[in-house]
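Me: I am new to this structure. Please take me through one part of it closely.

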Amino acid sequence: MPLWQELPLLLIVAFCLAVLIRTFLLQAFFIPSGSMEDTLLVGDRVLVNKVVYNMRSPQRGEVVVFRGTDRWVPQVDTQPPTGFADKLGRTIGDLVGVSRPGEKDFIKRVIALPGDRVSCCDDQGRVLVNGTPLDESAYVLRDSPLDLPPNPEECRSRRFEEIVVPPGQIFVLGDHRLVSQDARCQGPVPIDNVVGRAFAVVWPSSRWHSLPVPETFASVAPPAAATGGVAPPSRPTPDGGVVLLLPIATALSLFARSGRSHRSGQRRLLP
């Protein structure tokens, strides 16, 4: 095909692939607040694996994106689009996964799973999960002061009473405990609301790093009681991205084979 015909076709194919990948496999999310500092900073973009939780349940220590329930207060003020160009730009950006998050999109770290008992604090000010204290020094660099009294209206206090995470839900906290509005005052999150696992910071380039599960979660004891039909935990991948390789590689392979077979019917290489 002439270039003037082939180029628009390639752009359409690339756009369709981007929409498919964004819808079913992978999406980039913009970090709008400081609730996950210093793991994630305002303006970072993270890649989120949207297919991993179709194969297993979320695990403790993973960073997840989810839709907040009615109890969750929006963490950013979203301005409605003004004008046709703004609406078109936001629509295209949302389709390919590069737009700003909605007011009900949140990103936090999973601390406890269905059936887990979680509370804070022990005599050293640490979060307890099933009686096991967490060493969060690797990712919580800005914790709440111990002498700040609990307030059900805001999540500024480090201390909270022990709760048992209900079936089908997870208990999540932000890494910047002094400013994060999370499960301490807004309650657990249904697993069905989880969009996917954030496994890497990809922008800006100077901030690129993966988001592995901290080692402290490996020592957490299992809950004492059954959790009502919850599947047993599976070993998470180190960065959450491995499970994406097979479907992406398969799709690209099929696309490449299709292109090769189409070209072979039209052209023949000289010996």
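In which sense do β3 and strand β11 (residues 194-203) pair, and over how many bridges?

Reply: They pair in the antiparallel sense, over four bridges. A word on the basis: this is a predicted model, where local features need pLDDT of at least 70 and side-chain atom pairs count only at pLDDT 80 or more, while totals for chains, interfaces and linings use all residues. Residues are numbered from 1 along each chain as its sequence is written, and side-chain values use heavy atoms, without hydrogens and water.

Strands here are DSSP runs of E, at least two residues, numbered from the N terminus. Two of them pair if DSSP finds at least two bridges between them. At the β11 pairing, Val65 stands opposite Gly196.

β3 also pairs with β4, again in the antiparallel sense, over five bridges. There, Phe66 faces Phe106 of β4.

Now the surroundings. Four of the five residues of β3 are buried, meaning under 20% relative accessible area with a 1.4 Å probe, protein chains only. Contact means heavy atoms within 4.5 Å. Ile111 touches Val118, Phe171 and Phe217, among others. In soluble globular proteins, nonpolar side chains tend to be buried together.

Note on methods. Buried means under 20% relative accessible area, exposed over 50%, partly exposed in between (1.4 Å probe, protein chains only). Lists of a residue's contacts leave out its neighbours within four places in sequence.
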